[in-house]
Amino acid sequence: MLGVVLLYVGVVLILNGIARLCNVDQKSMAVFNVFTGVLSFVVNIIAVVQGEYFAAGTGLLFGFTYLFIAARCLFNLDGRLYGWYCLFVAINTIPLAFIDPTTFKFIDFTVGNIYWVIIWLLWGLLWLTGFIELVMKKDLGKFVGYLSVIDGIFTAWIPGFLLLINMFPK
């Protein structure tokens, strides 16, 4: 299921980045955030029912992110609380980068695990930009749009596709 969700996380990150870089209206941006947020939410509720709490807990960080982005775009909500949520998630990405989700221990440094370290830290950086912009009120300009596109391609779309075809490195 991770590959499926990552594929859509990839496309929504790419589209969010393009929307920011090209000044696309917020309501248009909300649509794919709703799709991806609902997909992530449903898949991770199924994971909870199956007893996969680690996967669900980390996956719901994404689901709530995209649902909040969609709500913010549709209803013009104050972004400060979302910014604080982004800081919470960014902090969590640091230990998550180094925990093996199958053993819940410190990772062995295999090629696949090193990729996950980099992926989690890049996601954390993107979430941190939400805190910096929305709470600290520092405009990071086009950097966030480009980071979102890069994260979408290299941390979600490609890994998601490789997971779907059983070719993600171990």
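How do the residues of the lining of the largest pocket divide into nonpolar, polar and charged? They divide into 21 nonpolar, nine polar and three charged, where Ala, Val, Leu, Ile, Met, Phe, Trp, Tyr, Cys and Pro count as nonpolar, Asp, Glu, Lys and Arg as charged, and the others, Gly among them, as polar. This is a predicted model, in which local features need pLDDT of at least 70 and side-chain atom pairs count only at pLDDT 80 or more, while totals for chains, interfaces and linings use all residues. Residues are numbered from 1 along each chain as its sequence is written, and side-chain values use heavy atoms, with hydrogens and water left out.

**Pockets**

- A pocket is defined on a 1 Å grid over the protein atoms alone, as an open set of points where a 1.4 Å probe fits, with protein on both sides within 12 Å along at least five of seven lines; a cavity is a set of such points from which the probe cannot get out, and lining residues have an atom within 4 Å of a point.
- The largest pocket holds about 910 Å³ of space, a volume being the space filled by probe spheres set on grid points that are joined across faces, edges and corners.
- Its lining has 33 residues, and those closest to the centre of the largest pocket are Leu-2, Ala-55, Pro-101, Trp-116 and Leu-163.
- Helix H1 (2–22), H2, H3 and H5 each supply at least two residues of this lining; helices (H or I, at least four residues) and strands (E, at least two) are DSSP runs, numbered from the N terminus.
- The second largest pocket contains about 610 Å³ of space, and 27 residues line the second largest pocket, with Arg-20, Met-29, Ile-69, Tyr-82 and Val-144 nearest its centre.
- At least two lining residues of the second largest pocket come from each of H1, H2, H3, helix H4 (80–96), H5 and helix H6 (142–164), and the largest share, seven residues, comes from H5.
- By class, the lining of the second largest pocket has 15 nonpolar, nine polar and three charged residues.

**Aromatic pairs**

- A pair of aromatic rings is described by the distance of the centres and the angle of the planes.
- Rings of Phe, Tyr and Trp (its six-membered ring) pair if their centres lie within 6.5 Å, and planes under 30 degrees apart count as stacked, over 60 as edge-to-face and the rest as tilted.
- By this rule, the count comes to 16 aromatic pairs.
- In one of them, the ring centres of Phe-41 and Phe-64 are 6.1 Å apart and the planes stand at 35 degrees, so this pair is tilted.
- That pair links distant parts of the chain, with Phe-41 in helix H2 (residues 26–49) and Phe-64 in helix H3 (residues 53–75), 23 residues apart.
- Phe-41 counts as partly exposed because its relative accessibility is 33%, and Phe-64 counts as partly exposed at 40%; buried means under 20% relative accessible area, exposed over 50%, and partly exposed in between, for a 1.4 Å probe and protein chains only.
- Phe-62 and Trp-123 form an edge-to-face pair, at 4.7 Å centre to centre with 80 degrees between the planes.
- This second pair also links distant parts of the chain, since Phe-62 is in helix H3 and Trp-123 is in helix H5 (residues 111–134), 61 residues apart.
- Phe-62 counts as buried at 7% relative accessibility, and Trp-123 counts as buried at 5%.

- Cys-86 is in no disulfide, and the nearest cysteine sulfur, that of Cys-73, is 12 Å away; Cys-86 counts as buried at 1% relative accessibility.

**Annotated regions and distances**

- The UniProt record (unreviewed entry) places the feature "transmembrane region" at residues 6–23, 30–47, 53–75, 82–99, 114–136 and 143–165, and such annotations, with positions in the numbering used here and shortened feature names, may be inferred rather than shown by experiment.
- Over residues 30–47 the chain is 100% helix and 0% strand, with the end C-alpha atoms 25 Å apart, and over residues 53–75 the chain is 100% helix and 0% strand, with the end C-alpha atoms 31 Å apart.
- The C-alpha atoms of Phe-41 and Ala-56 are separated by 8.7 Å, and these residues are 15 residues apart along the chain.
- Ser-148 is found in helix H6 and is buried, with a relative accessible area of 6%.
- Ser-148 and Val-43 are 105 residues apart in sequence and 23 Å apart in space, C-alpha to C-alpha.

Notes. Disulfide = S-S within 2.5 Å.
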